[in-house]
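This report describes one protein chain for a reader new to structural work. Please look at the sequence and the structure before reading on.

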Amino acid sequence: MPTKKKPPVTAAKKPQVTAAKKSTATAAKKPAAAAAHARRRELLDTAAEVFAEQGYNATTVREIADQAGMLAGSLYYHFDSKESMLEEILRTFLDELWDGYDTVLAAGLGPRETLEALVTESFREIDRHRAAVAIYQKEHRQLVAQDRFTFLAESQRRFEKAWLSTLERGVAAHVFRTDLDVRLTYRFVRDTVWVAASWYRPGGRHSPEEIARQYLSMVLDGIAVRQ
């Protein structure tokens, strides 16, 4: 007696995901990702202000969370430690600073124009990252000794090289005085510019560009009336 053949076993068909559904799902993720990024940026800005005001070591995660209007445990959802927050604050500031500096240095400007552009870019960074600049000034010496923050020392070396080479070019081209002590001048200009973070507030009476112009006038031309 012939045996009946069993029908072939076929795999169950998977529901087809249309391109339209994929596009909708992707579009739905974008606002959520943007909101998460914005919240992260907001928390970092809050932490930067607290660090700048109280000092890094004196600040607790709970104090940052209180300022942000959330529980300390909720803050750990975004960051694993206050060290992570500080690192991201400083890296963001320095990355943006070097984006601006590198553009200036690659522009092929004369030494005076390069100096003017570097000063202007510095004030723009103070405007964008005032708290981060204040933290850098207060905490730099103790942080560079830690492996996590060795990038600060490398940035400082690049910074010094950029400014010294610009001053040396100016002396060699007789744009700046030949008797100029370039290292002393570098320190004077550096400290004069960056100390502004202690009093500058974004949205004030003068724009970063106007403050830079006034500083440059005093540094390059002096404050005495010319006879």
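## Confidence in the model

What pLDDT does the protein chain average, and what percentage of the residues score at least 70? The average is 87, and 85% of the residues score at least 70; pLDDT is the predictor's confidence in each residue, from 0 to 100. This is a predicted model, in which local features need pLDDT of at least 70 and side-chain atom pairs count only at pLDDT 80 or more, while totals for chains, interfaces and linings use all residues. Residues are numbered from 1 along each chain as its sequence is written, and side-chain values use heavy atoms, with hydrogens and water left out.

Where pLDDT is low, the predicted coordinates should not be read in detail.

## Overall architecture

The protein chain has nine helices and zero strands. Helices (H or I, at least four residues) and strands (E, at least two) are DSSP runs, numbered from the N terminus.

Of the 227 residues in the chain, 37% are buried, where buried means under 20% relative accessible area, exposed over 50%, and partly exposed in between (1.4 Å probe, protein chains only). Among contacts (heavy atoms within 4.5 Å) with a separation of 6 or more, 69% join residues 24 or more positions apart.

## The largest nonpolar core

A nonpolar core is a set of buried Ala, Val, Leu, Ile, Met, Phe, Trp, Tyr and Cys residues joined through side-chain atoms within 4.5 Å. The largest one here has 59 residues, of which Leu75, Leu90, Phe123, Ile126, Trp163 and Trp194 touch the most other members. Helix α4 (residues 82-105) gives the most to this core, with 10 residues.

Apart from neighbours within four places in sequence, the contacts of Ile126 are Val133, Val193, Trp194, Ala196, Ala197 and Tyr200. In soluble globular proteins, nonpolar side chains tend to be buried together.

## Two buried residues

Thr59 lies in the loop between α1 and α2 (61-68). Is Thr59 buried or exposed? Thr59 counts as buried because its relative accessibility is 1%. Its side chain reaches the backbone oxygen of Gly55 at 2.7 Å. Beyond neighbours within four places in sequence, Thr59 is in contact with Val50, Phe51, Gln54, Ile64 and Lys82.

His140 is placed in helix α6 (residues 130-143). With 18% relative accessibility, His140 also counts as buried. Not counting residues up to four places away in sequence, His140 touches Ile135, Leu152 and Gln156.

Technical notes:
A polar contact is a pair of N or O atoms within 3.5 Å; within protein, one must be able to donate a hydrogen and the other to accept it, and residues adjacent in sequence count only if both atoms are side-chain atoms.
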